[in-house]
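Load the model in your viewer and keep the selection panel at hand. The tour moves from one selection to the next.

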Amino acid sequence: MVVSPVQPTPSAPSPSPVSGANSASLIDFSSLTHPLACIDIGGTKVAVSMADRHGIRGRVSEPTCKQGSNDALARQIIRLVGQSCASVGLAVEDISAVGVSSCGPFVLRDGCVELAAPNICGGLAGPARCLPNTWITAVLEAPLRAVFPHVRVENDGIGALEAERRWGALQINGQPIANCAYLTWSTGIGVGLCVDGHILRGKNGNAGHAGHLFVSDNNDALCGCGNVGDVEGLVAGNAIARRFSAAGYADAAALLEAAKSGEKKALAHVDELCRVMGRTLYNLVVTLDLQRISIGGSVYWHHREFLLPRLQAHISGKFAALTDGFELVSAGLGDKVGDYAALALVT
Ligand SMILES: [Zn+2]
């Protein structure tokens, strides 16, 4: 039996992306009597900002620390929280909660999250991945709990999903969508999933690591997790740089700019990347019967008008009983998703 999806119909207009500034007006910051620390940990950079009754402010960002002992990243974050506070005249002691939206996967040690993130921990894939450490994990939650009163760490896909459902593109008439997902296409690939109104977390909070789905035997696609031929190893920002730099495209931006200018070789590469990503999105839709997926992340966001129709083409019209009524949209929170993801975890 085919169950008709809930509105909107395929002809309904896509939700218009909301800028970070506009979204801020949707949040009642006046109720924040004590500051909250919002921490976004990615494979390339970390960002820290404060949320208080004046809004989100004091943003500081640095390249993700990957050298030294495996508590270096936690120490970097604690230092950045101090800098962020100082920049807006807040006292670290006044922080009431810390939301951490981080790339994963996570492993739990004594109930505290450590990162086993392929783009941070060099011990996972070995020297071929060229990361400057041999970490199997980066400790995170335990050092933060030693300093701050209330800490919540979640996979960045889950944090972004919560933010998009509350303030971004994963809502209809102000109500969060029950069956939806958020996907980030950035240094790595991350996904947050919501089915029947429940955000999926899994046994270690790692539900949604669809970037490590095997999709190819292509042996030039070594993922930081050690797999060869998974989605992230083929299309993530770090993979694009490693796979195509010898062909003259130093990074994802160089390849995408060349494709947009009509360079045939670059266009063929981008079409192949979109085939992998588009099929991954299709697989999520048909597996979970989703109504909408919003996409963000640096690789996608800077080229979204070029990429969105190319991704949609791998979903629209394929097995209509499962894909009719589904919408693929750009993140409503735009390039602010990371900041709001952390905020969503502690408000
Ligand atoms: Zn992988």
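Axes here are lines fitted to C-alpha atoms, for helices over the stretch in contact, and angles run from 0 to 180 degrees between N-to-C directions. Keep in mind that this is a predicted model.

Select residues 264–288, which form helix 8. Helix 8 lies across strand 11 (180–185), strand 12, strand 14 (292–296) and strand 15. Its angle to strand 11 is about 160°.

Five strands make up an open sheet with mixed pairing, ordered 13-12-11-14-15. Strand 13 (198–199) and strand 15 (327–330) are at the edges with a single partner strand each, so one side of each has no neighbour in the sheet.

Zoom in on strand 12, residues 189–195. Strands 12 and 13 run antiparallel, joined by two bridges. Pick cysteine 194: its bridge partner in strand 13 is isoleucine 199.

Next, the largest nonpolar core, with 102 residues. Ala181, Leu255 and Leu281 touch the most other members. Helix 8 supplies the largest share, nine residues. Domain 1 (20–156 + 340–346) and domain 2 (172–336) both contribute residues, so this core lies between them.

Finally, colour by domain. The centres of domain 1 and domain 2, over C-alpha atoms, are 24 Å apart. Contacts link 21 residues of domain 1 with 19 residues of domain 2. On the side of domain 1 that touches domain 2, strand 5 gives the most, three residues. That side has ten nonpolar, eight polar and three charged residues.

Conventions: Residues numbered from 1 in each chain as written. Predicted model: local features only at pLDDT ≥ 70, side-chain atom pairs only at ≥ 80, totals over all residues. Pairing = 2+ DSSP bridges. Helix = DSSP H or I, 4+ residues; strand = E, 2+ residues; numbered from the N terminus. Contact = placed C-beta atoms within 7 Å. Core = buried A, V, L, I, M, F, W, Y, C linked by C-beta atoms within 7 Å. Buried ≥ 20, exposed ≤ 12 C-beta atoms within 10 Å, placed from the backbone. Domains from an automatic or database assignment. Nonpolar A, V, L, I, M, F, W, Y, C, P; charged D, E, K, R; others polar.
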